[in-house]
Amino acid sequence: MPRDDELPPVLRRGLEDFLEALRVEAGLARGTLRTYRSDLEALLARAAARGVDRWERLDRDLLLDDLAGRRAAGLAEATVAHQLAAVRMLLRHLVAEGLLERDPSAGIPAPVLRRALPQTLSVEEVERLLDASPEPGRTGWTRGWRDLRDRALLEVLYACGARVSEAIGLRTDAIEPALRVLRLFGKGRKERIVPVGDSARAALEAWLAEGRPQLPHALDRREVFLSRSGRPLDRVNAWRRVKAAAARAGLPHDISPHTLRHSFATHLIEGGADL
């Protein structure tokens, strides 16, 4: 097999022209360009070893054989899909530049990628996670502001099925006075009205009444969940608080805020609710 730097001149010129177009017109990062170069040089080297010295000889059957060889070599479907996408972009560029009459990759189906389902906690595991933060009114706990905040955050994420962005964006004026419902703002600032159960209501009441006022600038902020400095809690720290509670509860380390949202939906369905 010829080395990548020994590609037939026509293939080398076409590849370099494509990569330059990506750099200048698409503004891709250097790392992304290196990945495209590596994948395409390897494919063209394999094609050159089979006698392809100009673009017209790179036909559909050869591309299909190459994809099959990549799978046989043990490459993941996601990697195969990425390499096919790179080839498609290259060939479409060559057609647009008049260097190729037609795109031989047209009609080749993209690999079907199976999307892994989010992890789900059992009801018992959720209870362990929530119990890792102090329950309002429970004896034996030191009711520090961080414990009260984390308990309220976990309750909102699970009991309200909130996205992490919705939870950290929750404002004090979006809480109905009797704490029966919350107004959450999701993607595209779409508003959702969600009910608040007894446990979540108690946790929010304790945080708002006892924990939040201890922080600086609390009276000046409208966000419900604040950090030690009095600034709004951000996404990264919200994730950290969930993982810290999971560690205290002895649960898997890969639990995230979305785990709680997905568990909420699963438990609703299992309980006979209509989503």
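A cavity is a set of points, on a 1 Å grid over the protein atoms alone, where a 1.4 Å probe fits but cannot get out, and its lining residues have an atom within 4 Å of a point. Grid points are joined across faces, edges and corners, and a volume is the space filled by probe spheres set on the points. The model is predicted: local features need pLDDT of at least 70, side-chain atom pairs count only at pLDDT 80 or more, and totals for chains, interfaces and linings use all residues. Residues are numbered from 1 along each chain as its sequence is written, and side-chain values use heavy atoms, with hydrogens and water left out.

**View 1. The largest cavity.** The count comes to one cavity of 30 Å³ or more. The space in the largest cavity is about 60 Å³. Its lining consists of L43, R46, L63, D66, L67, Q83, L84 and V87. Two or more lining residues come from each of α2 (30–49), α3 (60–72) and α4 (77–96); helices (H or I, at least four residues) and strands (E, at least two) are DSSP runs, numbered from the N terminus.

**View 2. Helix α4.** α4 has 20 residues and spans 28 Å from first to last C-alpha, close to the 28 Å expected at 1.5 Å a residue, where the expected span is 1.5 Å times one less than the number of residues. Just after α4, G98 has a positive phi of about 80°.

**View 3. The largest pocket.** A pocket is an open set of grid points with protein on both sides within 12 Å along at least five of seven lines. The largest pocket has a volume of about 160 Å³. Residues lining the largest pocket include R163, K187, W239, H258 and R261. α10 (257–270) is one of the elements giving two or more residues to this lining, and α10 gives the most, with three.

**View 4. The largest nonpolar core.** Such a core is a set of buried Ala, Val, Leu, Ile, Met, Phe, Trp, Tyr and Cys residues joined through side-chain atoms within 4.5 Å. Of its 45 residues, L129, L170, L182, L204, W207 and F225 touch the most other members. The largest share, eight residues, comes from α6. Leaving out residues up to four places away in sequence, F225 is in contact (heavy atoms within 4.5 Å) with residues including R149, L170, L204, W207 and P232. A second, separate core of 28 residues includes L15, Y36, A47 and L94.

Note on methods
Buried < 20%, exposed > 50% of the residue type's maximum accessible area, 1.4 Å probe, protein only.
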